[in-house]
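Please look over the model below before reading on.

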Amino acid sequence: MSRFMDKKSVGQGGSGLNRRRFLQVSALGGAGFLIGCSESDTAAPAAQTEAAAPLPAAIDAELNAFVKIQADNTVTVVVKHLDKGQGVTTGLPAIVAEELDASWSQMRTEFAPADANRYANLAFGVVQGTGGSTSIANSWEQLRLAAAGARAMLVQAAAEQWGVAADTIAVADGRVTSGDQSASFGELAGLAAAQTPPERPALKDRSEFKLLGTNLPRLDSADKTDGSTEFTIDVKRPGMLMAVVARPPRFGGKVASFDASKALEVPGVARVVEIPRGVAVLADSYFTANKARGMLEVEWNFDDAENRSSSELEADFTAMMDQPGLEARNDGDAPAALGSAAQTIEQEFHFPFLAHATMEPMDCVVELASDGCEIWTASQIPTLDVGTTAAITGLDPSSIKIHTRFAGGSFGRRAVPDSDFVAEAVMIAKAIDGEAPVKLLWSREDDMAAGRYRPMAVHRVRAGLDEDGKISAWHHQVASPSILSGTAFAAMMTSELDPSVVEGTTDLPYAIPNVRVDGYQPQTGVPVLWWRSVGHTHNAYAVEVFFDQLARTMGRDPYELRKELLTEHPRHLAVLNKAAEEAGWGTDLGPGRGRGIAVHESFNSFVAEVIEVTMAEGGNFSIDRVVCAVDCGFALTPDVVKAQMEGGIGYGLSSALREAITLTNGEVDQKNFDRYRPLRISEMPKIEVHIVNSGEPPTGVGEPGTPPSAPALANAIADATGRSISRLPIADQLKTA
């Protein structure tokens, strides 16, 4: 990535010299006149009356774990979550600014240190982490209280300084005012920090909100636009060596022996060391290290490796479902109802492994010393990364410091239970006794062939219709490897069954009297991981595509049938109706065109989507339009919500159309974007997003846009062609129909 400015010149925390301050300093140096150095549009202190007591010199102050106010009147919010593009460095400061009555122009952010006691994700227990679309939901009340407490401390400080009652004081746009006395937050910060925080400060009523619910400019856009945002790939340390790792081409393979003599002859190569996960090459540049890696001669031991191909794995998954599974839901008696049904319908669905394919490949910088370790990376779960580093190095966790950086995408890839890329970097640093800082970089090919994947899945769904033509039974079987089992997250499992295998099927919302869901957890050597929306991605597809198949069998309109069976679920119904209304459901699209609908709840948010397609010669088709309705509770920043829906829809359509990770004799066939092809920007359809305000507290938006997109697309194709797509990706299936 090219950079156009010194990284320190425009800092996240506002501590550096940005363009505005540069002009101010230049003016001071060149013309010899003094101007203010406040960065806030509202920071100019009001004229003090003669009676006003002089304020002490402004200082930087930390009012609590989340709110810092600087002498220059900027407000810095300590963000405990990773920003991987989802916008938490805008959404979380917006919560603080609202309750603090700050001006948006004075808000800054910095990432929190690794400290689970202060910065735990309240949805995860005592674990600091980002995932599951929880960032806003778990921070909502916590940050409101922190900001309201800070505001109360500012008010109390002003009251004492001016000798007035606290209830005579007003706060707005970053200024505290009483009568003709006024001060900026920065001027009062030092006095405020000495106040006792209130135990339970009063929170605003939503009717009083001025910032939340509006489209605030994102705080990270300017720095990302001018290239000054620092990602891990930009980090440089004095004397740093670049590292790449030769890993076994089959999962579970090990190094049997290796010859590094040719690699070591490459100019610039510093060291070649074996680590538990392969052979690492360290050099003065990435290109040198990568070139030398190609000259390694490594013999691999595949005795314990996954040697099956995708077709063999799929056959094994399917065979499992002929046996009893792990019960996930059992309402009524679905087997009996199916046995007595007037008509039964059955469909089997097949889903491949999927890669996260982040734009910024996995990377990590480690500086190891005998008494501590510093790490620079986009850490999605710092608690895990610290624990892994401590286990590898033997260091006390308190001596391990993580400098979190923005992530160039993640989609779950940086929340690895064994901290794979962080662990490798630490292993390499340890292997060279910390003699130099190490930057480990996975190439695109590395991550595509040796990464972590959305699990492959096979579904079998059966439904019965009674003599009145109503749906009497639904039996859903899901076979997919467990993400949690055998990892540090296994404690999240309350039974033998990993809930991510069946999530989105067990809470089937349709009013069907007999419902049974069974899960199966086949064992594979392929490392699996939560992929954006996790199990909802394949489960929502199987549910919503099969439901459309049922509707067609019954001769019913799929939207009308959903409405009929969702009367007990008003939030599902509201987004379904909104999407249908905005899409003009029921209007004639003309020949060769189709319209599909799907609705799904995930991560406590509700999303419905309608997709329109036009079929062309030879099985080709175009996606003309996507209409999305989302209920995520109170939408703090509507533009961010819409952006997340658009991104999630693009992500889901990519997987539906042509993404798949396949194995041949245990080796991944796809190595780069030439064979694993997300949608390009030029291929994105028109997307319309409508926010349904349910009045509920805010919930997540990073993941819920993805699950309904693929089934809505498949249902649109079925509407146009009569063909139900039961295997993803769609790829060339229609061309061979």
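Which residue lies over the face of Trp 442? Arg 413 does, at 5.3 Å from the ring centre. The model is a predicted one, and the values in this report are computed from it.

**Aromatic pairs**

A pair of aromatic rings is described by two things, the distance of the centres and the angle of the planes. The structure has 16 aromatic pairs. One of them joins Trp 474 and Phe 546, with 5.3 Å from centre to centre and 85 degrees between the planes. Planes over 60 degrees apart count as edge-to-face, so the pair of Trp 474 and Phe 546, at 85 degrees, is edge-to-face. Trp 474 belongs to strand E22 (residues 471-479), while Phe 546 belongs to helix H15 (residues 536-554), so this pair ties together parts that are 72 residues apart in sequence. Both Trp 474 and Phe 546 are buried.

Elsewhere, Phe 111, Phe 231 and Phe 406 are linked by ring pairs into a cluster.

**Helices that pack together**

Two packed helices are described by the angle between their axes and the distance between the axes. The table gives these values for two helix pairs.

| Helices | Axes come within | Crossing angle |
|---|---|---|
| H15 and H19 (residues 709-721) | 8 Å | roughly 25 degrees |
| H16 (residues 558-565) and H17 (residues 570-583) | 10 Å | roughly 160 degrees |

How do H15 and H19 run, roughly parallel or roughly antiparallel? Their axes cross at roughly 25 degrees, which makes H15 roughly parallel to H19. The crossing of H15 and H19 is right-handed. On the H15 side, the residues in contact are Ala 540, Tyr 541, Glu 544, Val 545, Asp 548 and Arg 552. They meet Ala 710, Pro 711, Ala 714, Asn 715 and Ala 718 of H19.

For H16 and H17 the crossing angle is roughly 160 degrees. Angles over 145 degrees count as roughly antiparallel, and H16 and H17 are therefore roughly antiparallel to each other. Their crossing is left-handed. Tyr 559, Arg 562 and Lys 563 of H16 meet Leu 573, Leu 576, Asn 577 and Ala 580 of H17.

**A buried arginine**

Is Arg 175 buried or exposed? Its relative accessibility is 11%. Buried means under 20%, so Arg 175 counts as buried. Arg 175 lies in strand E6 (residues 175-178). Between Arg 175 and Ser 103 there are 72 residues in sequence, but in space the two are 8.7 Å apart, C-alpha to C-alpha.

**Backbone details**

Which peptide bond is cis, with omega near 0 degrees? It is the bond from Leu 728 to Pro 729. Pro 729 is placed in the segment after H19.

Phe 411 is a residue other than glycine with a positive phi, near 60 degrees. Phe 411 is found in the loop between strand E18 (400-404) and helix H12 (420-431). With a relative accessible area of 25%, Phe 411 is partly exposed.

Phe 603 is not a glycine either, and its phi is positive, about 55 degrees. The loop that holds Phe 603 lies between strand E24 (593-602) and strand E25 (605-615).

Definitions and conventions: Residues numbered from 1 in each chain as written. Predicted model: local features only at pLDDT ≥ 70, side-chain atom pairs only at ≥ 80, totals over all residues. Heavy atoms only, no water. Phe/Tyr/Trp six-rings, centres within 6.5 Å; stacked < 30°, edge-to-face > 60°. Helix = DSSP H or I, 4+ residues; strand = E, 2+ residues; numbered from the N terminus. Buried < 20%, exposed > 50% of the residue type's maximum accessible area, 1.4 Å probe, protein only. Lys NZ or Arg CZ within 6 Å of the ring centre and 35° of its normal. Axes fitted to C-alpha atoms, helices over the stretch in contact; angles between N-to-C directions. Parallel < 35°, antiparallel > 145°, perpendicular 65-115°, else oblique. Left-handed = near helix turned anticlockwise from the far one by under 90°. Contact = heavy atoms within 4.5 Å.
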